[in-house]
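Dear colleague,

I am handing over the structure below, and after it I set out what was found there. Please read the notes with the structure open beside them.

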Amino acid sequence: MLLSTILRDVRIALNMNHSCQALIDEHDLDTLTLDERITSLVEPMACEVLMAAPLLDLGEGSPISDTVHWDHRRGHGAGTIILPPDFLRLITFRMSGWGRAATIIQTDDPRALWQHCPFPGVHGNPHRPVAFVEPSSFGPRLHFFASYDGHHAHIVEARYIPRPRLRPLISPATNTSTSQLDLPFPSRLYHPLIQSLAEKINQCKHE
């Protein structure tokens with residue numbers, strides 16, 4: 001999504017037509033123009049919208065292809081994967097030998113504590129796999145339970161939503177950066193993003 005399009009649509013949502021309208025007294029040295037204020041909020045509000053959205057609205061996301069670190073003997077039981085630095089939200093995760101993708105839970109879910117139980121009938125298994133994202137000294141990591149395919153165990157499908165960042169738009173004709181900024185974002189969530197930005201701007205005006 002082009003930043004210029006986002007700015008235009010937020011102003012429309014606010015029923016404002018002047019891109020340089022100040023949010024506070026124009027003589028204040030800390031005054032931001034409306035477009036500057038919206039731009040400063042685009043990335044954090046995009047994160048909020050992505051975190052709250054249903055999985056079906058997130059799109060395909062990006063693949064995870066890192067090394068599996070087994071908790072025990074390789075290919076048996078649980079394992080972890082260090083997630084990419086721009087990780088925001090997990091879409092799906094599936095190991096070989098599983099009947100389906102893992103049920104994704106939160107670390108504060110009571111079921112997360114069950115995963116460390118030594119009894120196979122309690123923690124996740126190939127018939128009802130479980131995964132959650134937890135902090136580590138290397139950044140966020142995915143912890144999954146459990147896979148029993150021995151040295152043949154591997155990732156079948158793993159996708160995530162990256163943290164959205166404004167970046168220069170690449171010209172298809174020359175494959176070079178342009179002066180325009182672009183926000184990679186699921187099209188189905190564009191309207192919720194515009195509404196969230198407009199609501200946030202309205203809150204700031206009344207603070």
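Strands β4 and β8 pair in the antiparallel sense over seven bridges, where strands are DSSP runs of E with at least two residues, helices are runs of H or I with at least four, both are numbered from the N terminus, and two strands count as paired if DSSP finds at least two bridges between them. Within this pairing, Arg94 has Glu157 in β8 as its bridge partner. This is a predicted model, in which local features need pLDDT of at least 70 and side-chain atom pairs count only at pLDDT 80 or more, while totals for chains, interfaces and linings use all residues. Residues are numbered from 1 along each chain as its sequence is written, and side-chain values use heavy atoms, with hydrogens and water left out.

The two strands belong to an open sheet of three strands in the order β1-β8-β4, with antiparallel pairing. Its edge strands, each pairing on one side only, are β1 (62-63) and β4 (87-95). On the β1 side, the antiparallel pairing with β8 (residues 155-162) runs over two bridges, and Pro63 stands opposite Arg159 in β8.

Helix α2 (residues 34-52) lies across β4 and β8 and runs at about 30 degrees to β4; the axes here are lines fitted to C-alpha atoms, for helices over the stretch in contact, and angles run from 0 to 180 degrees between N-to-C directions. The largest nonpolar core has 29 residues, and those with the most contacts inside it are Ile6, Val42, Leu183, Phe185, Leu193 and Leu197. Such a core is a set of buried Ala, Val, Leu, Ile, Met, Phe, Trp, Tyr and Cys residues joined through side-chain atoms within 4.5 Å, and buried means under 20% relative accessible area, with exposed over 50% and partly exposed in between (1.4 Å probe, protein chains only). At least two residues of this core come from each of α1 (3-13), α2, β4 and α4 (190-205), and α2 gives the largest share, nine residues. Leaving aside residues up to four places away in sequence, Leu197 touches Ile6, Val10, Ile38, Leu41, Val42 and Met45, contact meaning heavy atoms within 4.5 Å. A second, separate core of 17 residues includes Val68, Phe87, Trp98 and Leu142.

The structure also holds six aromatic pairs, that is, rings of Phe, Tyr and Trp (its six-membered ring) with centres within 6.5 Å, planes under 30 degrees apart counting as stacked, over 60 as edge-to-face and the rest as tilted. The rings of Phe93 and Phe144 have centres 5.3 Å apart and planes at 35 degrees, so this pair is tilted. It links distant parts of the chain, with Phe93 in β4 and Phe144 in β7 (residues 141-147), 51 residues apart. Both Phe93 and Phe144 are buried, and together with Trp70 and Trp98 they form one aromatic cluster.

Lastly, strands β9 (residues 167-170) and β10 (residues 177-182) pair in the antiparallel sense over three bridges, with Ser177 in β10 as the bridge partner of Ile170. Their hairpin has six residues between the strands, where Asn175 takes a positive phi near 55 degrees.

With best wishes
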